[in-house]
Amino acid sequence: MNLGVVTVNLPRIAIQAHGNQDLFWEIFVDRLALAKKALKMKLARTKEAMPENAPVLYQNGAFGHKLQDTDAVDQLFAKGRATISLGYIGLYEVGTLFYGPNWEHNATAHAFTVEIVRRMHAACQAWEAEDGYHYSLYSTPAESLTDKFCRLDKARYGVIPDVTDKDYYTNSFHYDVRKHPNPFEKILFEEAYPHYASGGFIHYCEYPNLRQNPAALEAVWDFAYDHIGYLGTNTPIDKCYECG
């Protein structure tokens, strides 16, 4: 069971840092503290539930124990039995703000973005050590936030090339979708980030119609499982294969 997610708007931190990485890390620490406070509020609210509020989960054994009407549901959450997650949006835009829009092959830029994810993961581990609940880093599949966060920042900070001018932020750690990398390039670029995604992640590659070449798709799958461990396959759904 997951008790809630709070997602950090990473591009906003980078915008506010004005190219100063030391300032970025200062703001980053402050935002993590705010996220921690919000997660603890979610946790406290969830613990107010009564077993009768979700009888299948709490009273009928779906969550591993059958509670009585007056039992505290917290016993099903504590000691790492449930997760509570920290998410993030926009690593691509952070890299762009500090290193320009073509930073994918810049080793220093890539290491900087990996370090951001590593520090969020380390924060989750520290929070779990404090109170025993399983905080996890969730590489957020938050489709609505990619739009919402960008709209809010565009209204506040204006049009920033390759950042707010797109009207969306790139989800979690994904390669810039406008650049159409081949699957092997995308996998190699993204493989360092899921290591820290203890709360889960989505990795996917885009393909044309490969019905006539399944061996190509299988080659990507084999490569992916050596590097990523989980792979989603996206194929076009906006045209008819019969008439084009």
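Buried means under 20% relative accessible area, exposed means over 50%, and partly exposed is what lies in between, with a 1.4 Å probe and protein chains only. What I am showing is a predicted model, where local features need pLDDT of at least 70 and side-chain atom pairs count only at pLDDT 80 or more, while totals for chains, interfaces and linings use all residues. Residues are numbered from 1 along each chain as its sequence is written, and side-chain values use heavy atoms, with hydrogens and water left out.

I start with Thr 96. Its relative accessible area is 8%, so Thr 96 is buried. Thr 96 belongs to helix α4, residues 91-99; helices here are DSSP runs of H or I with at least four residues, strands are runs of E with at least two, and both are numbered from the N terminus. Leaving aside residues up to four places away in sequence, Thr 96 touches Pro 101, Trp 103, Pro 161, Asp 162 and Val 163, where contact means heavy atoms within 4.5 Å.

Next, Tyr 193. This residue is in the loop between α7 (183-190) and β4 (204-206), and at a relative accessible area of 1% Tyr 193 is buried.

The structure holds 18 aromatic pairs. Rings of Phe, Tyr and Trp (its six-membered ring) pair if their centres lie within 6.5 Å; planes under 30 degrees apart count as stacked, over 60 as edge-to-face and the rest as tilted. Take Phe 173 and Phe 201: the ring centres are 6.2 Å apart and the planes are at 50 degrees, so this pair is tilted. Phe 173 lies in the loop between α6 (143-157) and α7, and Phe 201 in the loop between α7 and β4, so the pair ties together parts that are 28 residues apart in sequence. Phe 173 counts as buried, at 1% relative accessibility. Ring pairs also link Tyr 92, Trp 103, Phe 173, Tyr 175, Phe 189, Tyr 193 and Phe 201 into a cluster.

Two charges sit over rings, by a test that wants NZ of Lys or CZ of Arg within 6 Å of the ring centre and within 35 degrees of the ring normal. Arg 81 lies over the face of Phe 63, 5.3 Å from the ring centre. Lys 166 has its charged end over the ring of Tyr 168, at 4.8 Å from the centre.
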